[in-house]
Each structure stands twice: as structure tokens, then as C-alpha cells.
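This report describes one protein structure for a reader who has not seen it before. Please look over the sequence and the model first.

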Amino acid sequence: MKRLNKKIGSYGEAIASKYLLNEGYALLNNNFSCKFGEIDIVALRGDIISFIEVKSRYDSLFGEPKESITYFKCKRIIRSAEYYLLKN
């Protein structure tokens with residue numbers, strides 16, 4: 001099951017990356033990882049850097065993808081984004 005989740009996640013990230021490129025974003029980093037967590041996509045459009053979390057599901061048995069973003073997940077993303085900005 002873990003391998004299937006990884007495949008679904010990678011597929012979702014590929015779709016999201018293609019969408020962002022079509023919308024005029026430049027992709028700066030995929031799967032940025034640090035001691036605070038991971039950011040799926042870091043993208044730039046104009047002078048705004050976006051830190052993007054991609055959630056992919058093959059059914060709604062465990063809820064909608066947006067429901068899996070908890071307060072603690074948001075905090076990890078924020079800390080990771082701050083670290084990214086500091087290092088880059």
C-alpha cells in the first residue's frame with residue numbers, strides 16, 4: 001500500500017507541476033526536504049514564491065485531500081518555507 005501511495009503522490013505532483021508551468025510559474029524545487037519537514041513544490045511567479053503542498057487521493061474513503069492538512073502540517077510547512085528562504 002505504501003508503494004501505491006507513493007505512486008499516486010508522484011502522479012499528483014507531476015500534474016500539479018504541469019499545471020503550474022502552464023499558469024506561468026517557474027518551478028524552483030520539487031520535494032524540498034529539511035529537518036523541519038518537506039515541501040512538495042516551490043514555485044515562483046513574478047516576485048512571489050509559493051510553497052505548495054500536493055495531496056492526491058484515488059478515492060474519498062479517508063476524506064477529501066484538503067481535510068488531511070492539519071494545523072501541525074501547516075506549522076511544518078511554514079517552518080520548512082522559512083528555512084528554504086533562509087538557505088536560498
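How many aromatic pairs does the count come to?

## Basis of the report

This is a predicted model, in which local features need pLDDT of at least 70 and side-chain atom pairs count only at pLDDT 80 or more, while totals for chains, interfaces and linings use all residues. Residues are numbered from 1 along each chain as its sequence is written, and side-chain values use heavy atoms, with hydrogens and water left out.

## Fold

The protein chain has two helices and three strands, and from the N terminus on the order of these elements is α-β-β-β-α. Helices (H or I, at least four residues) and strands (E, at least two) are DSSP runs, numbered from the N terminus.

The three strands form an open, antiparallel sheet in the order 1-2-3. Strand 1 (26-34) and strand 3 (48-52) are the edges, each with a single partner strand, so one side of each has no neighbour in the sheet. From one strand to the next, the twist averages 25° (axes are lines fitted to C-alpha atoms, for helices over the stretch in contact, and angles run from 0 to 180 degrees between N-to-C directions). Strand 1 pairs with strand 2 (residues 37-45) in the antiparallel sense over seven bridges; two strands pair if DSSP finds at least two bridges between them. Phe32 has Ile39 in strand 2 as its bridge partner.

## Burial and contacts

Of the 88 residues of the protein chain, 26% count as buried (buried means under 20% relative accessible area, exposed over 50%, partly exposed in between, with a 1.4 Å probe and protein chains only). Among contacts in the protein chain with a separation of 6 or more, 40% come from residues 24 or more positions apart; contact means heavy atoms within 4.5 Å.

## Salt bridges

A search of the whole structure finds two salt bridges (a side-chain nitrogen of Lys or Arg within 4 Å of a carboxyl oxygen of Asp or Glu). Glu53 and Lys55 form a salt bridge at 3.5 Å, N to O. Glu53 also forms a salt bridge with Lys73, with the closest N and O atoms 3.6 Å apart. Glu53 lies in the loop between strand 3 and helix 2 (71-87) and Lys73 in helix 2, so this pair ties together parts that are 20 residues apart in sequence.

Glu53 is partly exposed at 22% relative accessibility, Lys55 is partly exposed at 34%, and Lys73 is buried at 15%.

## Aromatic rings

The count comes to four aromatic pairs. Rings of Phe, Tyr and Trp (its six-membered ring) pair if their centres lie within 6.5 Å; planes under 30 degrees apart count as stacked, over 60 as edge-to-face and the rest as tilted. The rings of Phe36 and Tyr83 have centres 5.7 Å apart and planes at 65°, so this pair is edge-to-face. Phe36 lies in the loop between strand 1 and strand 2 and Tyr83 in helix 2, so the pair ties together parts 47 residues apart in sequence. Phe36 is partly exposed at 29%, and Tyr83 is partly exposed at 25%.

Phe51 and Tyr84 form another edge-to-face pair, 5.7 Å centre to centre with 75° between the planes. This pair links Phe51 in strand 3 to Tyr84 in helix 2, 33 residues apart. Phe51 is partly exposed at 24% relative accessibility, whereas Tyr84 is buried at 6%. Phe32, Phe51 and Tyr84 form one aromatic cluster.
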